Amino acid sequence: MSAVAASALHGAEALAQAPALRPSPTVGAAPARVALLGTGTVGGAVLARLGGWRGGPLDGRLRLVHVANSRRAAADADGIVPEHAASALAAADQRSSLDDVADALAGGSGARVVIDATASEAVAERHAQWLAQGIHVVTACKIGQGTTLARWRAIREACASGGAGYGDSATVGAGLPLLRSLRELQAGGDRIHAVAGVLSGSLAWLFNHYDGMRPFSALVRQARDAGYTEPDPRDDLSGEDVRRKLLILARAAGVALEAGEVEVASLVPPELAILSREGVDAALPALDAPLRERYAQAYKNGERLRFIARLERAADGRVVAQVGLQSLPGDHPLAGGAGTDNKVAIWSDRYRAQPLAIQGPGAGAEVTAAGLLDDVLRLAG
């Protein structure tokens, strides 16, 4: 760990142990006013889930008053019917502006919540500002807490100054109870010694299916066409997305890491990395020989290939943070799994000999939307 990270460790632990969510349940409370930013795959799943609450026990808990995509915005203080959000946006003559979000949530007595269902740097830059204004922020976007340490601190400090909560369950593991488990262990006096896991649903799928016979490039194309990877699969294969997730987990565990302190071993060879997006598909076979060799060696040793993120904190305070492909024994806690499952192991004072293991779907619009709305409900009270 760098001197900067070491000197910041105590402060990071204090911030990390402060709850990201600040539920304040109130019997008979007014509906929370919600602004949804982003109506793509995840945002669309949020709208569908909200529409499915009609007539059920959750009906009336939330009022959607603002919906926006990158082009247009629709606002209605009386509420936008989730099923009509797309048509409301199509008919709207209001250009989308982040400056309008707080005003759209003003008025009334219910909690105010922004759901960030984008992958936008500009939106992530506003998180701390909204939190400082007392507006809860719920997000699946990793740019807020998974990039610079300064931004992470600004978000945590804004939560404290504005009395608002930051719902980040969907940033790692698509809503699996990973961050919540880390925070609750520490709140109970436990100390986190190590965290390791398969944190990418797309890379989990690839290595759960790769058998060393079929070219890895063909499997990448299949995963891309099925929507498991980003349109440019290098975004997944580079390990950068996993780096952000590991940073979020590390900071939640009280380790003040900067992005550059995470060692990332990309699967993308240099000749593939330099190409334009249009040239990637034809060059994907550059992946085949290196992966075939790695698989053959693992198979010979009775092991399995898994793309692992690992954080280890030694007794003397040294920290190692790594992301990359590893060959694991078949009985290793992280060697199992299926489909796009994420699987994370946590070692602590309480779970020293045998880690706490958390496993489940780590990708998919539906589970991500569910994680987002679970956070909204906890914050809204």
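**Entry 1**

I note here that the model is a predicted one. I then searched the whole structure and found 16 salt bridges. For the pair I had started from, I looked up where each partner sits. Lysine 142 is in the loop between strand E6 (136–139) and H6, while aspartate 241 belongs to helix H11 (residues 240–252), so the pair ties together parts that are 99 residues apart in sequence.

**Entry 2: the domains**

I turned to the domain assignment of the protein chain. It gives domain 1 as 32–175 + 366–380 and domain 2 as 180–361. Taken over C-alpha atoms, the centres of domain 1 and domain 2 are separated by 29 Å.

**Entry 3: where the domains touch**

I asked how many residues of each domain are in contact with the other. I counted 17 residues in domain 1 and 16 residues in domain 2. Between them, domain 1 and domain 2 bury about 1,400 Å², and 57% of this lies on carbon and sulfur atoms. On the side of domain 1, the residues that lose the most area to domain 2 are Lys142, Leu149 and Val172, which together account for 37% of what that side buries.

I next looked for polar links across this boundary. I recorded two salt bridges between domain 1 and domain 2. I also recorded five residue pairs in polar contact between the two domains, counting pairs with both residues at pLDDT 80 or more.

I then asked which helices each supply at least two residues of the side of domain 1 that touches domain 2. They are helix H6 (149–162) and helix H15 (365–380). H6 gives the largest share of that side, four residues. By residue class, I found the side of domain 1 that touches domain 2 to comprise six nonpolar, six polar and five charged residues.

**Entry 4: the UniProt record**

I consulted UniProt, where the entry is unreviewed and residues 38–162 are listed as "domain: Aspartate/homoserine dehydrogenase NAD-binding". In the model, this span of residues 38–162 is 40% helix and 18% strand, and its end C-alpha atoms lie 24 Å apart.

The unreviewed UniProt entry also lists residues 177–377, as "domain: Homoserine dehydrogenase catalytic". For residues 177–377 I noted 40% helix and 22% strand, with 15 Å between the end C-alpha atoms.

Note on methods
Residues numbered from 1 in each chain as written. Predicted model: local features only at pLDDT ≥ 70, side-chain atom pairs only at ≥ 80, totals over all residues. Heavy atoms only, no water. Domains from an automatic or database assignment. Contact = heavy atoms within 4.5 Å. Buried area = accessible area lost by both parts, 1.4 Å probe. Salt bridge = Lys/Arg side-chain N within 4 Å of Asp/Glu carboxyl O. Polar contact = N/O pair within 3.5 Å; in protein donor to acceptor, adjacent residues only side chain to side chain. Nonpolar A, V, L, I, M, F, W, Y, C, P; charged D, E, K, R; others polar. UniProt positions renumbered as here; feature names shortened; annotations may be inferred.
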